[in-house]
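This briefing concerns the structure shown below. It is arranged by topic, from the overall fold to individual residues.

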Amino acid sequence: MISVRRRGSARLVAAVLASGLFAAGAIAAAGPAVADDTVPNQGGATATLDGLKTFHQAVISHEGGKKQKVGAGLFEMTVDGGGTLQTYCIDIHNPTQKKAKYQEKPWSETSLHNNADAGKIRWVLQNSYPQVNNLTKLAAAAGSGALTERTAAAGTQVAIWRFSDQAEVEAVDPAAEKLADYLEEKAQDLAEPKASLTLEPPAVSGKSGDRLGPVKVSTDAANVTVTPAPVGEAAGVKVVGKNGKPVTSAVNGTELFFDVPTGTPDGSTSLTVQATTTVPVGRAFASETKSQTQILAGSSDSTVSATATANWAKKGAVPAVSAEKNCAEGGVDITASNMGDEPFTFELGGDKHTVAAGKSETITVPVKEDQAYDFTITGPNGFKENFTGVLDCKTAETPGGSTDEPSPETTPATAGGSTGGEGGGEDDLAETGSSSATPVIAGIAIALVALGGGTVFFVRKRKTTTAGE
């Protein structure tokens, strides 16, 4: 065996929905109305988990000599709008929730944010199944002996777990185990892949009579369609390019603007960009229901999209607000910019913050690992934005969905879910893949919401910049 494997079981953790109050907060803001049905989203692919499809067996060794047999291999997801994704797990001890919704995310918003081996995981993905689908060639390179799709998937997953979770895990099939050893030994550090599609920033603001933006398109697609919100939401407002002409399509690097005619009543609108493309291998996928984080192994042509919002007024403070997880700081970044002619003052957790005209400020709100959060940003004149999610920045230390302890033998803990799919029939497997605990988790989340009203946050000012810089 390769010595690098013996790293002990998983690093830092937290159990599913760790105890504590539900994170809740509100910002009171002066400003014009903002549509509350369109939340700024930096974009990518959104998909529903279909389950573990191509797999074989692996055995996890726990402290005290306990062992757990699990299904190791490829999951499949169905992309909203069309397309299919194949993924591997990068959180071995956390179960998946049935039909969980996943969103493409940068590594910085997942457990890979501080994983020195994240780049090696990407190398494994690019140099093994299914990216290398010539199994004869893969077996020859690994010196493993004959591989099937199931054993190749299992060996690849095992190698990934050794890097993602520092887990002591072995494939049951000898050829799969040799493949895992080969991939672990040969892996090199590769850079994080770029997102399939993003808009930056996802929210802008300004005065009527101006062009609000720019909103920059970043994509690996050849082109994207640009669709403004329905005319009724902001009559007369157009989405234009740098030259001021209306645009209906864009490419990587295109800068988009909301052209708000002089005299337009105070209000807000949005735009959506969409494309069909293959999502880059190595992109992370995270769920907001505490379902195990996945990493992309393969993609058909899939639908990807992103939205951006715009808010304007004739005078006064004119805010734009967005949020994203900050795993390095253990919280959620709330970014508030103000392109009005008066200061934008808001309150969060009992502390007042003021963003000067033409400036932007990012505040990091601490949130406990595995904890749900719900931030509603409200103010006079109907200003409202809501951001919800679960902070999932670490791999779990113990099997999250198990109700039974793993036995010293190679029988599994009960993690729920079916083990169907290609080559099914291994009914004694624990799918590190599925759990029937979704209703229970939802109930816990609701209870935590009720408790969260009085939560006080300690807020740290992260930066103040000139808007648009």
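The chain has five helices and 27 strands, where helices (H or I, at least four residues) and strands (E, at least two) are DSSP runs numbered from the N terminus. The model is predicted: local features need pLDDT of at least 70 and side-chain atom pairs count only at pLDDT 80 or more, whereas totals for chains, interfaces and linings use all residues. Residues are numbered from 1 along each chain as its sequence is written, and side-chain values use heavy atoms, with hydrogens and water left out.

**Burial and contacts**

- Of the 469 residues in the chain, 54% are buried; buried means under 20% relative accessible area, exposed over 50%, and partly exposed in between (1.4 Å probe, protein chains only).
- Among contacts in the chain with a separation of 6 or more, 74% are between residues 24 or more positions apart, a contact being heavy atoms within 4.5 Å.

**Disulfide**

- The structure holds one disulfide, defined as a pair of cysteine sulfur atoms within 2.5 Å.
- Cys327 and Cys393 form this link, with an S to S distance of 2.1 Å.
- The pair links distant parts of the chain, 66 residues apart: Cys327 lies in the loop between β19 (319-326) and β20 (331-338), and Cys393 in the loop between β25 (384-390) and β26 (430-431).
- The link of Cys327 and Cys393 is left-handed, with -75 degrees about the S-S bond.
- Cys327 counts as buried because its relative accessibility is 6%, and Cys393 does so at 4%.
- Cys89 also counts as buried, at 0% relative accessibility.

**Helices**

- Helix α3 (residues 149-164) has 16 residues, which at 1.5 Å a residue should span 22 Å; its end C-alpha atoms are 22 Å apart, in agreement. The expected span is 1.5 Å times one less than the number of residues.
- In α3, 15 of the 16 residues are buried, so the helix is mostly covered.
- Just after α3, Gln166 takes a positive phi of about 55 degrees.
- The axes of helix α1 (residues 118-126) and α3 come within 9 Å and cross at roughly 170 degrees. Axes are lines fitted to C-alpha atoms, for helices over the stretch in contact, and angles run from 0 to 180 degrees between N-to-C directions.
- The two helices α1 and α3 are therefore roughly antiparallel to each other; angles under 35 degrees count as roughly parallel, over 145 as roughly antiparallel, 65 to 115 as roughly perpendicular and the rest as oblique.
- Lys120, Ile121, Val124 and Leu125 in α1 meet Thr156, Ala159, Ile160, Phe163 and Ser164 in α3.
- Helix α4 (residues 174-186) has 13 residues and reaches 18 Å from its first C-alpha to its last, close to the 18 Å expected.
- The buried residues of α4 include Ala175, Leu179 and Tyr182, and its buried residues pack against α1, α2 (135-142), α3 and β7 (169-171).

**Backbone geometry**

- A cis peptide bond joins Glu200 and Pro201, with omega about -5 degrees; Pro201 lies in the loop between β8 and β9.
- The peptide bond from Gly213 to Pro214 is cis as well, with omega near 5 degrees, and Pro214 is in strand β10 (residues 211-219).
- Lys99, in the loop between β5 (84-89) and β6 (101-105), has a positive phi near 55 degrees and is exposed, with a relative accessible area of 54%.
- Lys290, in the loop between β16 (284-287) and β17 (294-299), has a positive phi of about 55 degrees and is buried at 1%.
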